[in-house]
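Visitor: I'd like to learn how to read a protein model feature by feature. Can you walk me through one?

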Amino acid sequence: FSIPEMLSKKRNGEELLDEELDYFVKCVCQEDIDRSQIGAMLMAFCLKGLNTKETVSLTKSMMNSGTVQTWDPTWTTVDKHSTGGVGDKVTFPLVAAVPLFGLKMPMVSGRGLGHTGGTADKLESIPGFKISLSEEHMKKTLQDIGCYVTTQFGNIAPADKTLYSIRDVTSTVTYPPLICSSIMSKKLSEGISSLVLDVKSGCASTTHSHEEAEGLARKMVDIGHGMGVRTTAVLTEMDTPIGYNIGNSLEMIESLECIRGNGPADLEKIVSVQAAILLCDAGIASTQEKGEEMVLKTFKDGTALEKFLQILGNQGVEEGTLDLLRKAEYGEVFAQPAYVENITADKSGFLEEVNALALGKASVLLGGGRQRPGDKIDPAVGIKLVRTKGDQVQNGDVLAEVHHNGKLSTPLRERIEGAFLIGQKKTPIKRILGVMKAGVPTSDYEVYRSQH
């Protein structure tokens with residue numbers, strides 16, 4: 001194959017063969033291609049398009065450019081991926097429940113950058129938790145416990161690192177097939193048989209409109225299906241924070257409360273819907289409704305809490321800390337802020353908007369996130385909502401608590417106050433917008449639930 005000939009072919013709008021895309025990825029990994037040619041190819045992809053077959057082929061080659069995990073063939077190995085949001089703590093109750101039914105979850109998580117919080121950062125707010133694991137420890141953990149949570153390790157999809165660095169400087173970051181191949185090459189390298197995608201739509205998401213989110217979800221579902229992995233996308237709203245807590249320690253506390261069966265309704269719903277899809281895919285639940293009931297039962301009967309504490313203990317959290325978490329003595333475990341200040345309503349009415357993007361950015365400025373890679377995170381800070389969208393409020397009611405360590409300036413306080421819009425219309429949150437599987441149109445959640 002010849003890179004110039006492939007560039008000419010794609011420039012003319014022709015479809016590239018599987019073997020040609022594989023050759024391109026191999027050249028990228030072996031540095032046997034000029035960076036200008038990589039940039040030209042990426043721009044040709046954007047301008048002339050990649051069809052589903054090409055996108056699947058590119059993803060497969062990117063995945064196979066590095067390590068692909070292999071597990072015991074008798075295991076059913078599953079995972080979930082979220083496109084990121086504010087207050088997104090779905091992973092923690094999910095991993096507490098799903099392994100109880102014999103499924104294995106080798107979860108590779110990310111760190112936060114910008115207004116979206118990172119799973120790894122949240123877990124590290126628990127004293128002693130170790131996010132890095134050896135491959136030997138991972139295999140033993142899956143066998144004995146059923147789940148680990150780690151950050152990207154080893155030689156996972158190295159082609160993606162090079163391609164992403166060039167996408168970043170060639171204005172090709174936002175092209176959906178390249179976004180999907182980047183996400184899915186890493187996610188499918190985990191050696192999973194079933195995947196649920198939480199694709200966010202709204203002001204605090206990478207996809208602001210429902211149509212954009214649906215398009216991105218469809219591409220990822222088609223890639224997963226094309227690579228032999230049962231893949232379902234759940235479209236969820238990200239104009240409003242999930243639950244009530246934003247910030248690393250605050251979100252871990254709310255997650256633990258959800259695992260105890262005391263969580264906010266929207267968080268509980270997202271978790272139970274996504275976990276039930278995995279249970280149905282594995283043939284463990286006969287219907288979506290039954291699967292959701294099975295998951296919620298683990299929160300009520302205490303088994304999910306014990307499983308989550310077992311996962312934490314396996315990754316370095318000491319028994320004394322686990323016992324405090326078991327007793328819900330959170331103040332003894334998590335870092336506490338020096339100051340807690342209230343944000344109050346300036347008039348009566350209904351909360352018509354609680355802007356997730358504004359609050360996520362405010363949490364970062366308080367020290368709860370990174371503005372650039374390498375920034376140190378303060379686990380104690382964040383924003384705790386007292387009221388959320390759809391709630392009726394009176395003038396002077398507390399809307400939120402700001403937990404901080406001296407970084408709440410007057411402009412930042414005004415930014416947080418501006419995230420709350422009070423009007424006269426009651427507009428409750430509709431958190432789950434739809435469910436998508438390969439080869440069928442997107443279903444309204446209630447319709448999906450009645451049919452599965």
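Visitor: What should I know about the model before I start?

Guide: This is a predicted model, so local features need pLDDT of at least 70 and side-chain atom pairs count only at pLDDT 80 or more, while totals for chains, interfaces and linings use all residues. Residues are numbered from 1 along each chain as its sequence is written, and side-chain values use heavy atoms, with hydrogens and water left out.

Visitor: How many helices and strands does the protein have?

Guide: Helices (H or I, at least four residues) and strands (E, at least two) are DSSP runs, numbered from the N terminus. Here there are 18 helices and 13 strands.

Visitor: What does the radius of gyration say about the protein?

Guide: The radius is taken over C-alpha atoms, and the globule rule is 2.2 Å times the number of residues to the power 0.38. For 452 residues a compact globule would come out near 22 Å, and the protein has 22 Å, which agrees. Along its principal axes, the C-alpha trace spans about 70 × 45 × 45 Å.

Visitor: What percentage of the residues count as buried?

Guide: Buried means under 20% relative accessible area, exposed over 50%, and partly exposed in between (1.4 Å probe, protein chains only). By that rule, 55% of the 452 residues are buried.

Visitor: And how do I read contacts along the sequence?

Guide: A contact means heavy atoms within 4.5 Å. Of the contacts with a separation of 6 or more, 76% join residues 24 or more positions apart.

Visitor: Which residues touch the most other members of the largest nonpolar core?

Guide: A nonpolar core is a set of buried Ala, Val, Leu, Ile, Met, Phe, Trp, Tyr and Cys residues joined through side-chain atoms within 4.5 Å. The largest one has 80 residues, and Phe308, Leu312, Ile416 and Phe420 touch the most other members. Helix H12 (residues 265-281) gives the largest share of this core, eight residues. Another core, of 22 residues, lies apart from it, with Val25, Ile38, Leu50 and Leu163 among them.

Visitor: What does phenylalanine 308 touch?

Guide: Leaving out residues up to four places away in sequence, Phe308 touches Phe92, Val95, Ala96, Leu123, Met252, Leu256 and Ile259.

Visitor: Is serine 363 buried or exposed?

Guide: Serine 363 has a relative accessible area of 5%, so it counts as buried. Its place is in helix H16 (residues 356-368). Not counting residues up to four places away in sequence, Serine 363 touches Ile246, Gly247, Gly368, Gly369, Gly382 and Ile383.

Visitor: Where is glycine 117?

Guide: Glycine 117 sits in the loop between strand E2 (105-109) and helix H6 (119-123). With a relative accessible area of 43%, Glycine 117 is partly exposed. Beyond residues up to four places away in sequence, Glycine 117 touches Gly85, Gly112 and Lys122.

Visitor: How should I read a positive phi?

Guide: Start from the background: most residues other than glycine have a negative phi. Alanine 157 has a positive phi of about 40° although it is not a glycine, and alanine 328 has a positive phi of about 60°.

Visitor: Where are those alanines, and are they buried or partly exposed?

Guide: Alanine 157 is in the loop between strand E3 (147-151) and helix H8 (158-167), and is buried, at a relative accessible area of 0%. Alanine 328 lies in the loop between helix H15 (319-326) and strand E7 (339-344), and is partly exposed, at 31%.
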